[in-house]
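Student: I have a structure open and would like to learn how to read the spaces and contacts in it. Could we go through them one at a time?

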Amino acid sequence: MGLLTNYVVPFLMENWLTVGVACLAVVVVKFVLYWSTLNQFTPDQGKSPSTRTTPAASQPKSGRRNVIESGGVGDADDDELNDPNVVDPLWPEDLEHIPYKHTRMSPEESIKKSQEYYQLMNQRRSIRFFSSDPVPREVIDNVIKAAGTAPSGAHTEPWTFVAVHDPDVKQQLRSIVESEEEINYTKRMGSQWVKDLKGLKTNWVKEYLTEAPWILLVFKQAYSLLPDGRKRNHYYHEISTAIAGGILLTAIHTAGLVTLTSTPLNCGPAFKTLLQLSDNEKLLLLLPVGYPASDATVPKFSRKPLDKIMVVV
């Protein structure tokens, strides 16, 4: 009794928290061991495969079907089909597939065509000095139609091309760009970026926005709106629209015109307001399009050779 009173009780009072945690751990371990013993044999053991219970997760549910959700592709239960974020598939499962018609070139002709195309595109330069000479509307229509042939995720075609010809609208675009670009050059871009651009003779003054006869703006669509107001997700919308922009550049050059790839920071919201576009459209590129000024100049530099941009495995 003296041992209990003199040693055990004081020890327990002084270390009650440690002792309590240890006891709880022992109880948890014993419970886990007991539970694992119970589950060594399940109600299904001893039954033939045909009579065993199928786990609920693997049982097919009535009314399940593939749907395109706001975040991707998945399955929906009956009670999910009324979810406002779930819409019908973009394309039916029985979508008709037709034969692809292709005219095959000889290796010699293919080499010749590819060399000619490279030589044509190697003449492309970014131009900041434009003539005000008019460009036919039909040419602009054709280069944008060419851009619209770009591939896109699930063929959602997530792009909007805005062609601006009106002088007043071009002036408003220029005012928006120059206002933001002055802030970009003096505050947002950082000294290294500004230094890297000095040799290109570019700054926040963008005279080409009112000199060029056309301004093409490329917007990416993160989603489209259905007639009932629900959203359909556009997969890979940014890379799809970027590919369309690349095709647009080549089409402009092939038509004998020049352009400049511009991505003015923080101008998108003001552009959308001016052009009355939707919330799902985000600015990706701004391209002045026309003929070069008679005294236009370009920086004197060369492109990387093939062995610096290509790896063959």
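This is a predicted model: local features need pLDDT of at least 70, side-chain atom pairs count only at pLDDT 80 or more; totals for chains, interfaces and linings use all residues.

Student: Which residues line the largest cavity?

Tutor: The lining is made of Arg124, Arg125, Leu249, Ile252, His253, Leu257, Val258 and Thr259. Sorted by type, these are four nonpolar, two polar and two charged residues.

Student: Which elements supply at least two residues each of that lining?

Tutor: They are helix 8 (237-254) and strand 8 (258-259). Helix 8 has the largest share, three residues.

Student: Next, the pockets. What is the volume of the largest pocket, and which residues lie nearest its centre?

Tutor: The largest pocket holds about 330 Å³ of space. Its lining has 18 residues, and Glu181, Tyr185, Thr261, Ser262 and Thr263 lie nearest the centre. Two or more lining residues come from each of helix 5 (167-188) and helix 6 (191-198). Helix 5 gives the most, with three residues.

Student: How does the lining of the largest pocket divide into nonpolar, polar and charged residues?

Tutor: There are nine nonpolar, six polar and three charged residues in the lining of the largest pocket.

Student: What lines the second largest pocket?

Tutor: The second largest pocket, with a volume of about 240 Å³, is lined by Tyr118, Met121, Asn122, Arg124, Arg303, Lys304, Pro305, Leu306 and Ile309. Helix 3 (107-121) and helix 10 (306-309) are the elements that give two or more residues to this lining. By type, the lining has five nonpolar residues, one polar and three charged. Arg124 is on this list and also lines the largest cavity.

Student: Which residues form a nonpolar patch on the surface?

Tutor: Leu306, Ile309, Met310 and Val312 form one, with about 450 Å² of accessible area together. Leu306 and Ile309 also line the second largest pocket.

Student: Where is methionine 310 found, and why is methionine 310 called partly exposed?

Tutor: Methionine 310 is found in the segment after helix 10. Methionine 310 has a relative accessible area of 45%, so it is partly exposed.

Student: Last, the contacts between charges. How many salt bridges does a search of the whole structure find?

Tutor: The search finds seven. One of them joins lysine 112 and glutamate 116, with the closest N and O atoms 2.6 Å apart. Both residues lie in helix 3, four residues apart, about one turn of the helix. Glutamate 116 is partly exposed, at 38% relative accessibility.

Student: How far apart are aspartate 141 and arginine 137 in helix 4?

Tutor: Aspartate 141 and arginine 137 are four residues apart in helix 4 (residues 137-147), so about one helical turn separates them. They form a salt bridge whose closest N and O atoms are 2.7 Å apart. Arginine 137 is exposed at 55% relative accessibility, whereas aspartate 141 is partly exposed at 30%.

Student: What residue does aspartate 228 meet in a salt bridge?

Tutor: Aspartate 228 meets arginine 230, at 2.9 Å from N to O. Arginine 230 is partly exposed, with 25% relative accessibility.

Key:
Residues are numbered from 1 along each chain as its sequence is written. Side-chain values use heavy atoms; hydrogens and water are left out. On a 1 Å grid over the protein atoms alone, a cavity is a set of points where a 1.4 Å probe fits but cannot get out, and a pocket is an open set with protein on both sides within 12 Å along at least five of seven lines; lining residues have an atom within 4 Å of a point. Grid points are joined across faces, edges and corners, and a volume is the space filled by probe spheres set on the points. Ala, Val, Leu, Ile, Met, Phe, Trp, Tyr, Cys and Pro count as nonpolar, Asp, Glu, Lys and Arg as charged, and the others, Gly among them, as polar. Patches are made of residues with over 30% relative accessible area and no salt bridge: like charges are joined within 9 Å, nonpolar side chains (Val, Leu, Ile, Met, Phe, Trp, Tyr) within 5 Å. Accessible areas come from the Shrake-Rupley method with a 1.4 Å probe; for residues, only the protein chains shown count as cover. A salt bridge is a side-chain nitrogen of Lys or Arg within 4 Å of a carboxyl oxygen of Asp or Glu. Buried means under 20% relative accessible area, exposed over 50%, partly exposed in between (1.4 Å probe, protein chains only).
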